[in-house]
Amino acid sequence: MATLSNKVVFITGGARGIGAETARALVARGSKVVLVDVDAEPLEALVAELGSDVALAVVADVRDLDAMNGAAEAGATKFGGIDLVLANAGISSYGSVLKVDPATFRRVLDVNLLGVFNTARATLPSLIERNGYILFVSSLAAFAPCPGLAAYNATKAGVEQFANAVRLEVGYRGVDVGSAHMAWIDTPLVRDAKADLSAFREMLDVLPGPFGRTLTVDHCVDAFVSGLDKRKRKVYVPRWVGQVGWFRSALQSAVGDRALGKHIPRILTKMDAEVDALGRSTSDRNVGP
């Protein structure tokens with residue numbers, strides 16, 4: 001992937017999981033990376049591993065536009081500009097709409113949706129200058145919602161449409177835009193949910209066909225690197241997720257509801273009880289203001 005050589009890639013949620021592994025893969029292909037996250041320790045450890053000549057750590061919250069402007073400026077100052085963006089930062093909440101902590105629900109919206117706006121707003125000037133590309137990380141959840149994860153479902157659907165709108169706004173200015181849609185990936189987000197909630201594990205078990213399977217991060221990294229390299233409009237992990245997108249109307253119909261519907265009373269009641277017992281509506285690592 002020679003086109004990635006010497007490209008500057010701005011990655012949010014870069015300290016661990018998909019963001020960190022994608023950064024490693026990009027550096028191996030000759031890219032330079034600007035890694036943005038709220039967790040300083042793993043972020044700085046990753047930059048130390050990759051080398052400060054090709055990687056920059058910026059501790060910043062995607063909810064804060066001033067902080068994201070500062071991150072973009074720091075990346076452009078160190079490396080000369082920004083060519084590619086992976087808007088990857090995201091969190092989830094647990095529990096039904098009747099039970100989820102409202103502040104946590106709001107935080108998911110702010111990180112997952114306001115965060116991609118702030119990322120785009122901060123980096124687009126450099127992307128326009130350098131005819132760049134931005135890949136917004138949505139999810140299979142944009143097509144196939146799950147009970148107990150309403151904030152995550154809503155934000156990932158919003159990210160897809162945000163990407164579609166931004167594409168129309170900046171395409172004529174030389175910037176390409178894509179959205180990525182993944183099934184369950186073995187990230188800290190999914191591992192934490194499995195560890196916290198037996199109801200979440202049960203829900204994955206009853207999802208039909210491949211919908212409940214968890215894939216390794218490598219599947220996602222390979223697809224993201226290819227998407228950044230080829231400036232793809234859509235990135236699907238695995239490929240069958242793209243077919244699901246074509247049939248989303250059926251999935252969101254009364255017929256689609258039946259596939260999971262008979263399990264919901266038991267699983268959602270159990271999830272709400274487990275959330276009450278935890279005393280939080282999100283992963284312990286994501287509890288915050």
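Predicted model: local features only at pLDDT ≥ 70, side-chain atom pairs only at ≥ 80, totals over all residues.
Residues are numbered from 1 along each chain as its sequence is written, and side-chain values use heavy atoms, with hydrogens and water left out.

View 1. The secondary structure of the chain comes to 12 helices and seven strands, where helices (H or I, at least four residues) and strands (E, at least two) are DSSP runs numbered from the N terminus. Along its principal axes, the C-alpha trace spans about 55 × 40 × 30 Å. The radius of gyration of the chain is 19 Å, which agrees with the value near 19 Å for a compact globule of 289 residues; this radius is taken over C-alpha atoms, and the globule rule is 2.2 Å times the number of residues to the power 0.38. Of the 289 residues, 53% count as buried, and here buried means under 20% relative accessible area, exposed over 50%, and partly exposed in between (1.4 Å probe, protein chains only). Among contacts (heavy atoms within 4.5 Å) between residues at least 6 apart in sequence, 72% join residues at least 24 apart.

**View 2. The second largest pocket and its lining.** A pocket is, on a 1 Å grid over the protein atoms alone, an open set of points with protein on both sides within 12 Å along at least five of seven lines, whereas a cavity is a set of points where a 1.4 Å probe fits but cannot get out; in either case, lining residues have an atom within 4 Å of a point. Grid points are joined across faces, edges and corners, and a volume is the space filled by probe spheres set on the points. The second largest pocket is lined by His-219, Asp-222, Ala-223, Ser-226, Lys-232, Lys-234, Val-235, Tyr-236, Val-237, Pro-238 and Arg-239. Helix H8 (217–230) and strand S7 (234–237) are the elements that give two or more residues to this lining. By class, the lining has five nonpolar, two polar and four charged residues, with Ala, Val, Leu, Ile, Met, Phe, Trp, Tyr, Cys and Pro counted as nonpolar, Asp, Glu, Lys and Arg as charged, and the others, Gly among them, as polar.

**View 3. The largest cavity.** A search of the whole structure finds one cavity of 30 Å³ or more, and the largest cavity has a volume of about 60 Å³. Ser-92, Tyr-94, Leu-149, Tyr-152, Trp-184, Leu-189, Val-190, Ala-193 and Phe-200 line this cavity, and helix H6 (residues 188–196) gives the most to the lining, with three residues. The lining residues divide into eight nonpolar, one polar and no charged.

View 4. Asp-83 forms a salt bridge with Arg-130, the closest N and O atoms being 2.9 Å apart. Asp-83 lies in the loop between helix H3 (65–79) and strand S4 (84–87), and Arg-130 in the loop between helix H4 (102–129) and strand S5 (133–137), so the pair ties together parts that are 47 residues apart in sequence. Asp-83 counts as buried at 7% relative accessibility, whereas Arg-130, at 30%, counts as partly exposed. The side chains of Glu-202 and Lys-270 also meet in a salt bridge (2.4 Å, N to O), with Glu-202 in helix H7 (residues 198–206) and Lys-270 in helix H12 (residues 264–278), 68 residues apart. Glu-202 is partly exposed at 22% relative accessibility, and Lys-270 is partly exposed at 31%.

View 5. Arg-106 forms a salt bridge with Asp-110, and their closest N and O atoms are 3.4 Å apart. Both residues lie in helix H4, four residues apart, about one turn of the helix. Arg-106 is exposed, with a relative accessible area of 54%, while Asp-110 is buried, at 19%.

**View 6. The surroundings of Leu-278.** Leu-278 is found in helix H12 and is partly exposed, with a relative accessible area of 29%. Leaving aside its neighbours within four places in sequence, Leu-278 is in contact with Tyr-94, Asp-196 and Leu-197. The C-alpha atoms of Leu-278 and Asp-196 are separated by 7.8 Å, although the two residues are 82 residues apart along the chain.

Conventions:
Salt bridge = Lys/Arg side-chain N within 4 Å of Asp/Glu carboxyl O.
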